[in-house]
Amino acid sequence: MRTLVIGGSIFLGRAIVEEALRRGHEVTTFNRGRNGVDVPGVEAVRGDREVTSDLERLAEGREWDIVVDVCGFVPRVVGESVRVLNGRAATYAFISSISACSVWPGQAADESSPRFECAPDAGRDDGDYGVLKAGCERAVEQGFDGNALIIEPGLIIGPHENVGRLPWWLTRIDRGGRVLAPGDPDMAMQLIDARDIAAFTLDQAEAGTNDRFFVSGVRGNITYRGLLEECRAVTGSDAELVWVDDEFLLDRDVAPWTELPVWAPRDEEFAGVWLPSSEKALAAGLRCRPVAETVRDTWAWLREVPVEERSFRGHGIDPEKEAKILAEWA
């Protein structure tokens, strides 16, 4: 099949390109060429999706079976891509986010849960990440004449992660010593590998599916303790995990989700954070590898990246703050 990936050089986009090539697709990628490296074997077209003439140059003389839009964050921008590419592909697969769901993370959610109100032509200042993703979904569903496939991932991990959550934990635990481990070690989580999202997205796109799916993994596929123990095992570290209560951390202004990546305190704000349902996608063929395999493969990739070149994008606690909290806890 002929597949266009808008993006395609970073993390999930890269995983989609690699999976499409593995299946024998003819793959075109469209990006500015400023971040990431093109996967060998693609036709790489350079351009800015916010410039209509660049989109028109991409579309001129080309047609595809599938468009996968991995890097759409502004409804107006996504809508323009849809307009230019309309009629040049059978299926437009848009990678959205569970954050488009207005009740999450405070409540459990699925495909039937309400989305944020956001117009399909909204601009970048018309809302935050989740609100704008909801508007992007509408831009695709209302503007594309073919199949509109909406993929709403949960928390994604895997090799080439550019968000920095699992890479920070692997790097921190590899450093050793006493490690501040947050909250309830038996908190059941729900994580998914980017490669599994890639395979499911292409399965559905190849089938011409016109639908939406939560792809957040399997509920309870690992605990927080299990995740950090897997990090310790693959790195061979002698790190000591010191589990510290939610309230103790919050009282010391530790930011959930970022300073200690994917830490979600047990409170109303995060009550449903690990409870989205991927049952519809699982019934449709979503296959999820064990989290332990993802941790192992991510460490194998990360070891090739020098520590000073690793990007955590604001994730991770300052070492002095960590040491101070550990001393107070003791």
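## Strand 2 and residue E26

E26 belongs to strand 2, which spans residues 26–31; helices (H or I, at least four residues) and strands (E, at least two) are DSSP runs numbered from the N terminus. The model is predicted, so local features need pLDDT of at least 70 and side-chain atom pairs count only at pLDDT 80 or more, while totals for chains, interfaces and linings use all residues. Residues are numbered from 1 along each chain as its sequence is written, and side-chain values use heavy atoms, with hydrogens and water left out.

E26 counts as exposed because its relative accessibility is 56%; exposed means over 50% relative accessible area, buried under 20%, and partly exposed in between (1.4 Å probe, protein chains only). Apart from neighbours within four places in sequence, E26 is in contact with M1, R2 and T3, where contact means heavy atoms within 4.5 Å. Between E26 and T3 there are 23 residues of sequence separation and a C-alpha to C-alpha distance of 6.1 Å.

## Helix 3 and its cover

Helix 3 covers residues 75–85, and its buried residues are P75, V77, V78, S81, V82, V84 and L85. The elements that cover these buried residues include strand 1 (2–6), helix 2 (52–59), strand 4 (66–69), strand 5 (91–95) and helix 4 (129–143). After helix 3 comes G87, with a positive phi near 85 degrees.

## A cis peptide bond

The loop between strand 5 and helix 4 contains P105. The peptide bond from W104 to P105 is cis, and its omega is near 10 degrees.

## A negative surface patch

D245, E247, D251 and D253 form a negative surface patch. Patches consist of residues with over 30% relative accessible area and no salt bridge; like charges are joined within 9 Å, and nonpolar side chains (Val, Leu, Ile, Met, Phe, Trp, Tyr) within 5 Å. A salt bridge is a side-chain nitrogen of Lys or Arg within 4 Å of a carboxyl oxygen of Asp or Glu.

D245 is partly exposed, with a relative accessible area of 46%. D253 is found in the loop between helix 8 and strand 14 (256–257), and is exposed at 62% relative accessible area.

V262 lies in the loop between strand 15 (260–261) and helix 9 (279–283), and counts as buried at 5% relative accessibility.

Methods. Areas by Shrake-Rupley, 256 points an atom, 1.4 Å probe, with all protein chains shown as cover. Lys, Arg positive; Asp, Glu negative; His and termini not counted. Charge placed at Lys NZ, Arg CZ, Asp CG, Glu CD.
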